[in-house]
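Let's take a guided walk through one protein model, a few residues at a time. Have the picture open and follow along.

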Amino acid sequence: MPELGLPHVLMTSLSAPRPATAVLLAAGLGTRMKSSRPKAMQSLGGRPMLAHLIASAAEVFDRLVVVIGPDMEEVAELATPYPVVIQQERLGTAHAALQAEAWFGDGDVAVLYADNPLISAETLNRLLEERRKPDVGLALLSMRPADPARYGRVVAENGNVERIVEWADATPEERAIDLCNAGVLCADAVDFRRWLHNVRNDNAKGEYYLTDVVDLAVADNVQVRAVEAAEDELRGVNSRAELAQAEAALQTRLRNKAMENGVTLVAPETVFFSADTQIEPDVLVEPNVFFGPGVIVQSGVVIRAFSHLVGCEVQANAVVGPYARIREGTTIGACAHVGNFVELKATTLGEGAKANHLTYLGNSQIGSGSNIGAGTITCNYDGVFKHPTTIGENAFIGSDSVLVAPVTIGNNTLVAAGSVITKNVPDDALAFGRAQQVNKAEMGRLFKERLQAKKENG
């Protein structure tokens with residue numbers, strides 16, 4: 001093997017790929033959303049729209065910078081650890097992109113939009129690769145939507161873009177074009193700077209539009225190429241209705257991915273995932289199940305119908321539901337059973353343990369093999385603080401028991417049905433916590449007779 005001398009180092013440096021920067025525009029107020037929250041923070045698949053775009057862009061670009069508006073601390077926090085610049089005045093998309101000029105570097109620059117949250121890393125990589133082809137000075141993303149409506153039309157021949165025509169300015173022939181502009185551009189940093197500085201605002205709104213860069217590139221005799229992607233990736237989200245359409249597209253993507261990975265969805269269209277749901281092969285999900293953020297489901301699990309899970313882990317071969325609610329901080333152990341109308345919160349249900357009916361377990365640790373009877377409640381909240389309940393292994397908690405935390409119930413214990421337990425129960429013990437039963441002779445009949453008489457007398 002030859003020594004790595006200076007000439008080799010220089011050659012390696014010269015052949016290294018150009019750095020690529022993504023500028024993410026997230027200054028929109030979301031006026032059409034009728035929301036007090038910035039548009040970039042609207043939720044899609046359990047996470048803000050901007051978070052989706054950051055995740056995809058981070059897979060492709062060496063550097064990310066986010067452009068926000070004034071007083072958008074929430075957006076700035078979401079963008080961490082990426083740098084943030086503020087567009088003090090909202091003067092258009094080209095003006096917004098120019099605020100990040102100091103971060104362009106000397107490689108390639110792409111400008112993306114927080115309200116185009118579903119662009120995949122694969123599509124962004126194709127955009128960058130197209131830009132890096134010989135003689136291509138500018139690449140843009142385009143689509144062929146089912147309803148082109150009022151999208152700007154991309155006038156192109158063999159993929160070479162001649163111009164973009166806004167719908168309002170298009171001729172009938174141009175409106176018949178089904179190739180539409182998605183607004184995302186990628187160019188050499190030096191060229192991009194020059195074009196952005198040359199964009200004019202002589203239009204009805206007096207704004208600086210990023211799409212004008214295309215005309216400037218064509219005027220410079222630079223080859224402009226269109227990269228096509230699916231409408232579901234490139235659709236803009238500017239209203240609640242469009243947010244719902246994007247959610248539907250994302251859910252279709254997540255359901256297909258789950259089934260491709262070996263998950264059985266009995267009625268796919270009724271199951272809703274979050275973007276971060278982790279679900280292993282050989283899981284069965286029945287109809288009308290909702291996965292909130294932070295859910296991990298291991299192989300062999302059955303999630304029965306009408307269950308709601310968020311922030312929890314379900315370990316191998318467990319059964320959940322139907323009609324179960326599993327809340328944040330819960331771990332359901334391997335082969336455990338959680339049945340109908342059972343709610344778990346910040347609880348660990350041990351391996352093989354069961355809570356099959358009408359039960360609330362909060363801030364609890366349940367040992368392996370234990371059985372929690374129907375109607376059992378852990379009283380974990382005193383109005384100010386949350387308190388823990390600990391139940392050992394192979395314990396049997398009878399139906400309609402009330403466990404007043406903090407309390408510990410040992411291994412191999414039995415709590416009689418209908419008990420109120422306020423003190424610790426040692427291993428192997430049988431605990432009763434009932435009030436003394438008193439029977440009053442004839443009082444049942446007399447009480448009913450009095451009620452009937454009262455009813456008859458009005």
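Leaving aside its neighbours within four places in sequence, which residues is Val 85 in contact with? Keep that in mind as you look, and remember that this is a predicted model.

## Starting at Val 85

Here is the list: Val 85 touches Val 65, Val 66, Val 67, Ile 68, Gln 99, Ala 100 and Trp 103, once its neighbours within four places in sequence are left out. To find Val 85 in the picture, look for strand β5, which covers residues 84-86.

Is Val 85 buried or exposed? Its relative accessibility is 14%, and buried means under 20%, so Val 85 counts as buried. One of its contacts is Val 65.

Now for something that comes from a record. In UniProt, an unreviewed entry puts the annotation "binding site" on Asp 115 and Asn 238. The two are spread over 124 residues of sequence, yet they cluster in space, with a largest C-alpha distance of 6.8 Å.

Both of them sit in loops. Asp 115 is in the one between β6 (108-113) and α5 (121-131), while Asn 238 is in the one between α9 (231-234) and α10 (240-260). Why does Asp 115 count as buried? Because its relative accessibility is 16%, and the cut-off for buried is under 20%. Asn 238, at 22%, counts as partly exposed.

Next, see who surrounds them, again skipping neighbours within four places in sequence. Asp 115 is in contact with Lys 39, Met 49, Arg 235, Gly 236, Val 237 and Asn 238. For Asn 238, the contacts are Arg 32, Met 33, Lys 39 and Asp 115. Lys 39 turns up for Asp 115 and again for Asn 238. The side chains of Lys 39 and Asn 238 also make a polar contact, at 2.8 Å.

## Another listed group

UniProt has a further "binding site" listing, also from an unreviewed entry: Ala 374, Asn 380, Tyr 381, Ser 399, Ala 417 and Arg 434. Let's zoom in on two of these. Tyr 381 is in the loop between β28 (377-379) and β29 (389-391). A polar atom of the Tyr 381 side chain lies 3.0 Å from the backbone oxygen of Gly 383.

Arg 434 is in a loop as well, between β35 (430-431) and α11 (443-456). With a relative accessible area of 49%, Arg 434 is partly exposed. Where does the side chain of Arg 434 reach at 2.7 Å? It reaches the backbone oxygen of Ala 417, a residue that is itself on the UniProt list. Beyond its neighbours within four places in sequence, Arg 434 is in contact with Ala 416, Ala 417, Gly 418 and Ser 419.

## Salt bridges

How many salt bridges does the structure hold? The count is 23.

Arg 144, at 41% relative accessibility, is partly exposed. The same label goes to Asp 178 at 36% and to Glu 228 at 37%.

## Two more to find

The side chains of Asp 232 and Arg 235 meet in a salt bridge too, at 2.8 Å from N to O. Asp 232 is partly exposed at 37%, whereas Arg 235 counts as buried at 14%. You have already come across Arg 235, as one of the contacts of Asp 115.

Finally, look for a network: Arg 18, Asp 108, Arg 131, Arg 132 and Asp 188 are linked by salt bridges.

Note on methods:
Residues are numbered from 1 along each chain as its sequence is written. This is a predicted model: local features need pLDDT of at least 70, side-chain atom pairs count only at pLDDT 80 or more; totals for chains, interfaces and linings use all residues. Side-chain values use heavy atoms; hydrogens and water are left out. UniProt positions are given in the numbering used here, feature names are shortened, and annotations may be inferred rather than shown by experiment. Helices (H or I, at least four residues) and strands (E, at least two) are DSSP runs, numbered from the N terminus. A polar contact is a pair of N or O atoms within 3.5 Å; within protein, one must be able to donate a hydrogen and the other to accept it, and residues adjacent in sequence count only if both atoms are side-chain atoms. Buried means under 20% relative accessible area, exposed over 50%, partly exposed in between (1.4 Å probe, protein chains only). Contact means heavy atoms within 4.5 Å. A salt bridge is a side-chain nitrogen of Lys or Arg within 4 Å of a carboxyl oxygen of Asp or Glu.
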